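Okay, everyone, thanks for coming.

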Amino acid sequence: MYSLVQHKYLPSSFHHKVFASRPVFGRACIVYCSTTTKPRLNAKNLVIGPKAAVLQPVQPQPKVVITTDRPKDNDLSLQSTWSHRAWVIAGCTTLVISLGGSIKGAIDMHMWIEPIFAGWIGYILADLGSGVYHWGIDNYGDGSTPFFGSQIEAFQGHHKWPWTITRRQFSNNLHALARAVAFSVLPIDLLCHDPVVQSFVAMFAGCIMFSQQFHAWAHGTKSRLPPAVVVLQEAGVLVSRSQHSAHHRPPYNNNYCIVSGVWNEFLDKNKVFEAMEMMLYFKLGVRPRSWSEPESEWMEEIDMASQMEAQ
């Protein structure tokens with residue numbers, strides 16, 4: 001026998017309740033059945049609020065700043081001096097001596113494959129060397145660091161105003177590396193006359209010395225670059241504009257090589273520089289700048305005038 005009762009302790013949202021009493025092995029069986037009803041929406045009383053904003057992670061973008069302290073086109077720090085020109089001439093002279101000695105030795109010894117192969121190795125290793133050097137001065141030291149302070153300070157300024165490298169005069173851009181090449185290559189020219197060694201030295205040192213010019217071309221606009229340079233960039237012989245532009249975007253820890261850029265993919269994919277940073281940190285306790293959030297000194301300030309001219 002079944003009977004229906006209203007249970008006073010159940011919530012009022014229950015529409016009906018059923019009490020079933022029937023002996024089941026000497027016990028009572030209680031069954032509650034419930035249904036709920038939702039109130040109908042009144043279109044007149046419906047209020048549509050503003051959509052909730054969806055927050056997305058924001059990557060730091062180059063900030064557009066018009067400042068009065070940015071380098072001017074006629075800034076003396078961008079112009080070449082006679083001292084700069086003298087060092088570039090000295091560096092080029094040592095390179096010509098080394099290359100000429102290699103060619104003369106190859107002719108006298110009737111050997112061409114070995115010097116050519118040595119020159120190719122020098123070109124490949126020069127790109128790697130430029131990346132290691134670039135990584136080092138980007139991440140360690142400051143303007144007071146012995147020997148490298150001026151280079152470190154210059155590269156930090158370059159991250160703030162990348163476009164200034166395209167305004168530097170030729171000798172101004174190359175004189176520091178030309179000085180290093182002159183002092184290092186001249187003794188080899190005087191002491192070694194092996195055409196294979198001289199070919200390697202000439203190509204390696206030459207690419208290192210002119211790497212800053214390759215770097216400057218990587219910041220230039222295609223319409224303003226010499227056609228031959230554009231062809232070499234697109235062929236991968238020189239570092240391309242698209243590849244190097246990734247170095248100037250957060251997190252600023254990749255694409256360090258600036259000769260041909262052939263090493264960049266391998267070094268970045270295998271985290272070679274990150275491993276070197278960990279080793280230096282555990283051995284010396286020195287943190288690289290790339291581990292910190294980009295500071296204002298690293299955020300690119302865009303030259304509005306040059307942007308307008310490019311358009």
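Before I start, one term: when I say buried, I mean under 20% relative accessible area. And keep in mind that this is a predicted model.

With that cut-off, let's go to the aromatics. There are 12 aromatic pairs in the structure. Take Tyr 256 and Phe 273: they pair edge-to-face, 5.1 Å centre to centre, with 80 degrees between the planes. That pair links distant parts of the chain, since Tyr 256 is in the loop between α7 and α8, while Phe 273 is in helix α9, residues 272-284, and they are 17 residues apart. Tyr 256 and Phe 273 are both buried. They also belong to one aromatic cluster, together with Trp 135 and Tyr 140.

Another edge-to-face pair is Trp 263 with Phe 266, at 6.0 Å between centres and 75 degrees between planes. Here Trp 263 is partly exposed at 22%, and Phe 266 is partly exposed too, at 45%.

One more ring to look at: Arg 85 lies over the face of Trp 82, 4.8 Å from the ring centre.

Okay, salt bridges. How many does the structure hold? It holds 3.

Asp 108 bridges to Lys 104, with the closest N and O atoms 3.1 Å apart. These two sit about one helical turn from each other, because they are 4 residues apart in helix α1, residues 82-109. Lys 104 counts as exposed, at 56% relative accessibility.

Then there's Lys 222 with Glu 234, where the closest N and O atoms are 3.1 Å apart. This pair links distant parts of the chain: Lys 222 is in the loop between α5 (195-218) and α6 (227-235), Glu 234 is in helix α6, and 12 residues separate them. Lys 222 is partly exposed at 47%, whereas Glu 234 is exposed at 55%.

Glu 274 and Lys 271 form a salt bridge as well, with a closest N to O distance of 3.9 Å. Glu 274 is partly exposed at 35%, and Lys 271 is partly exposed at 47%.

Last stop, Asn 254. Is this residue buried or exposed? Asn 254 is buried, because its relative accessible area is 17% and buried means under 20%. You'll find Asn 254 in the loop between α7 (241-245) and α8 (264-269). Its side chain makes a polar contact with the side chain of Asn 255, at 3.1 Å. Leaving aside neighbours within four places in sequence, Asn 254 touches Ala 246, His 247 and Asp 268.

That's my tour, so over to you.

Notes. Residues numbered from 1 in each chain as written. Predicted model: local features only at pLDDT ≥ 70, side-chain atom pairs only at ≥ 80, totals over all residues. Heavy atoms only, no water. Salt bridge = Lys/Arg side-chain N within 4 Å of Asp/Glu carboxyl O. Buried < 20%, exposed > 50% of the residue type's maximum accessible area, 1.4 Å probe, protein only. Polar contact = N/O pair within 3.5 Å; in protein donor to acceptor, adjacent residues only side chain to side chain. Contact = heavy atoms within 4.5 Å. Phe/Tyr/Trp six-rings, centres within 6.5 Å; stacked < 30°, edge-to-face > 60°. Lys NZ or Arg CZ within 6 Å of the ring centre and 35° of its normal.
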